[in-house]
Amino acid sequence: MVKERLYKLSAKELSDLISKREISSYETVKDIAERIEEVETIVKSYITTNIYKAIAAARKIDKFIYGKKRIRGGKFIYKTKKIEPLTGIPIAVKDNITTKGIHTTCGSNILGNYKPIYDATVINKIKESNMILTGKTNMDEFAMGSSTENSSFWTTHNPWNLSNVPGGSSGGSAAAVAVGETPLALGTDTGGSIRQPAALCGVVGLKPTYGLVSRFGLIAFASSLDQIGPITRNVQDCALLLNIIAGHDSLDSTSVFKDKEDYTKYLKEDISGLKIGIIKELMGEGISNYVKGAVYKAIDIFSSLGASCEEISLPSLKFALSAYYIIAPAEASSNLARYDGIRYGLRAKKVKSFRSMYRKTRSQGFGNEVKRRIMLGTYALSRGYYEAYYLQAQKVRTLIINDFKKVFKKFDVLVSPTTPSVAFKIGEKFEDPLTMYLSDICTIPINLAGIPAISIPCGLKNNLPIGLQIIAPHFEEGLLIKTAYNFEKKFNFKLKPLFKKF
Amino acid sequence: MEEISKKDVKHVAKLAELDIREDELDKFVDQLNIVLKHAGRINEIDTTDVEPTSHVTNMVNIFRDDIVKKCISKKDALLNSPKTIEDLFEVPLITEE
Amino acid sequence: MEFEIKIGLETHVELITDSKMFCGCSTKFGAAPNTQTCSICLGHPGTLPVINKKAFDYTLKVALALNCKIANFTQFHRKNYFYPDLPKGYQISQYDLPVGLNGYLDIKLNSKVKRIGISRVHMEEDTAKLLHFGETGRISEATGSGLDFNRCGIPLLEIVSAPDIKNVTQAKAYVMLLKKILEYLEVSDCNMEEGRFRVDANISVRKLRDEYSKARTELKNLNSFRFLEKGLSYEIKRQREILNKGEKLYLETRHFDSKTMTTKSMRIKEEAQDYRYFPEPDLVPIEISREWVDEIKKTVPELPSVRADRIKKQYDISDNDAEIITSTKSMADFFESCVKIYPYPKKISNWIIRDLLYLLNQKQIQIENCKISPNHLIEMLKMIEVGKISGKIAKSIFEEMFKTGKMPKEIVEQKGLKQISDIDKLTDIIEQVLKENPEIVTQYLSGKMQVFNFLVGQVMKKTKGKANPKLVNELLKKKLK
């Protein structure tokens, strides 16, 4: 019997217990369901919970795990010899990933009561691995935002301080993992939307290399930047979940052909001799001093583990934010054109013509941030402005890619803060788009280059977590896992929003 | 870089099929200008002889074979539609082609 | 006043692939509404396109047949605009990097050849079908509209001609030749009535020696050859009249109204639409290698004009006959298959042009779908050659073959149509006829030569047409001496 509440355990710990048949999937899901009931009204991580179906699924998986068959000699053995990792483990999924038959909103009103008619490829993979969906988590509308305040439903509260934001746009997923409402979650990252909330909530978030994880079923924000990735309590869980979601998909033309890897093998390696570059441009103006302090302390730890650390420069980084706020809205303005009230979603009433239906539906259905970005994007693509804005931004993107390429010739990984500060107060930056956008300066360049990065906790300020970002070249998620795991072991961060208050 | 005007915002809203109320217009113009000013900084950097990046992967020639897959049922196709008429997706009056 | 007329034709052609351009839905025509769709072609959130290789191959094939320069590197772009038949709010199309550029088509006008430039050949996806409820199905009289997405996503080829076409005759010749070529390439059935081959025209008329006017009319809804002809004629006339009055022409879109046979203005474009093209991020670019082009080149058959010329020379057939024989690839194939087995091209072409074509048109079917095969025709011709059947009987056998698909030998057996060449038998019948028609005989003997045919006719009647006409002639002449 396990004494602790199951929600406090990591996915790996739960998985080990389940495969040893010391606990059942049903018990696990039941405990998570109880936890959700305890804290959800306060934290508000979920838009839709899937508890009844989850419990039914758990019972089914338990039949599979505990099913016995008779053998010679009148004995019984278990039918299933080997139980794969994460079998029977609950997982929460950000609400911009399609789940067949389950209400999917993208954090917006415009999808109305939309129930997708297909599962995203990652959902298929999760189902095939016998994981259990706990529900769909809250997010900034269409993934546009860094605080989850742009959700048309409600704002999620940071479990470390309920008056503060959890970050965004995957705020719901990050908060749910931090507070124990799920051991695992999927988020999406276009400009930092996995890493930034992971940092603000004191959990681990990884944005894979562009093309590693299928985008089929990921409701598009910016097609050349979006990726789905794990949000977990620790690096080991992250590696386990990445193993399941990574892989080529013939339904996604931008999905890469890459040999399958077991990312958990990198947990055994050490980092002596690792060459780490510290990004100068992200350790200067605009970054809070306490964040810089935490990052320097982290660098000391890396050095003590045998790595060598050196400051490096990526000169075109100072234009990254500008380029991103042209490219992402431009692609979004096109991706969001399909919301017209005809085949699904909200449809304005009392309209005289199809044009007025479009305008009314979209004006009623989209929030202000989405409208702003659609207009910005439309402007950047419009006749007369395309060259100066969109085309120029794509050229700046090339320069950023080249800068990273150059630096990775000499260094294995790079580090920087994940965010300039810890979680800010709810409402503090809401009406000020540019200030909000500036909280992404550390994470955005990574999406533009399409390379992978992970955020792990590296300190606290006023009991609010600080995140460290580790960046690797294309398809070197293994390096991220290795580096992050070694740090995590040494630093020993306590995931503590699980305090008695709840 | 040019500033975006009220007229520009109205034009762009029209292109994007969005209605912006008069009382919201000024606020949007201001906000868009703040962001655009910052974004416009990309023109400070010299990009002569730099190729634009449209795709981050280096892949080319991804195709599928011309094989028919089972279609979804008519029921599923129409399932989420707010309004259907005789197995078709209803559209309010079309006034132009 | 002298005018210069410039016409450019933009053709959209649905390709006959089994599945759609970006998803695996069937492209079969005529299915019940919204039964051939999926989350991808319905534009559901989260869906992504994947290119149909065969559709791409077909596009290359067409671009090669139209003598285009094939791009080494090509890409899809998003064409952004809002309309109910466009589920994603953008069409995946091609912009500045089309598959084929700067080709041409040589049309024949009264044995003179005129070259019409082909500006570009590119790929895109078809839109959904918008149906209007209301008596006429016309938009302006609709009481409501509905969408059928079966068509949405079918691969579409866009072929844009240069504005080299000067008049209606040239326009018709261009469209006919283009259709023929596409049909020869077997990439489309080019059915205009069912909307799988659509033509829009860009027409500008200006005074000669006038400064270049940007005015141009885009003319839509030319759904048949007849509409094309009427629409273009009307529009040219309308523009000339306006210029004659000294008024201005505009950049506008007009719709051909088949009820009144006139063109009506749809909208005056102050400026062309802003489609905000940008490279499609969900589809990686395509590199077209030399090897790939060579592979496709091999699949391009002998094109119609070349084939007509060769057939004319090789088989010594008239210009006109060669044109008719090569009007479809299947007909040309049929002809040449016949000649291979039975080297009498003139006989074969006569039967095809005179008899087979008549029956095909009557029953409204294509040669590849009819029951007569080259073997049928050849067997019949051989039977005529050896005198087993007469030419006249052959005609009825031909019709029977067409109806039932039975081989001529079988039909002759069943219906007892063998030609009667037995001299004794014929002599008997002739004697009978002469006995029954004494006055006619007298007339003949008194010099009225024409009645001979009547007597021949009577013999034929008695033998139900089966008598060998040549023999009858000889024997009758002998008897009457």
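How many helices and strands does the secondary structure of chain A hold? Chain A comes to 15 helices and 13 strands; helices (H or I, at least four residues) and strands (E, at least two) are DSSP runs, numbered from the N terminus.

Welcome to a predicted model, in which local features need pLDDT of at least 70, side-chain atom pairs count only at pLDDT 80 or more, and totals for chains, interfaces and linings use all residues. Residues are numbered from 1 along each chain as its sequence is written, while chains are lettered from A and ligands numbered from 1 in the order in which they are written.

Here is chain A in figures.

| Property of chain A | Value |
|---|---|
| Span of the C-alpha trace along its principal axes | about 85 × 65 × 45 Å |
| Buried residues | 64% of the 502 residues |

A residue counts as buried if 20 or more other C-beta atoms, placed from the backbone, lie within 10 Å of its own.

Now for the side of chain A that touches chain B. The contact takes 54 residues from chain A and 46 residues from chain B, two residues being in contact if their C-beta atoms, placed from the backbone, lie within 7 Å. Elements giving two or more residues to chain A's side include helix H9 (320-335) and helix H10 (354-365) of chain A. H12(A) gives the most, with 11 residues.

In S16(C), Pro279(C) is the bridge partner of His77(C).

Methods. Buried ≥ 20, exposed ≤ 12 C-beta atoms within 10 Å, placed from the backbone. Pairing = 2+ DSSP bridges.
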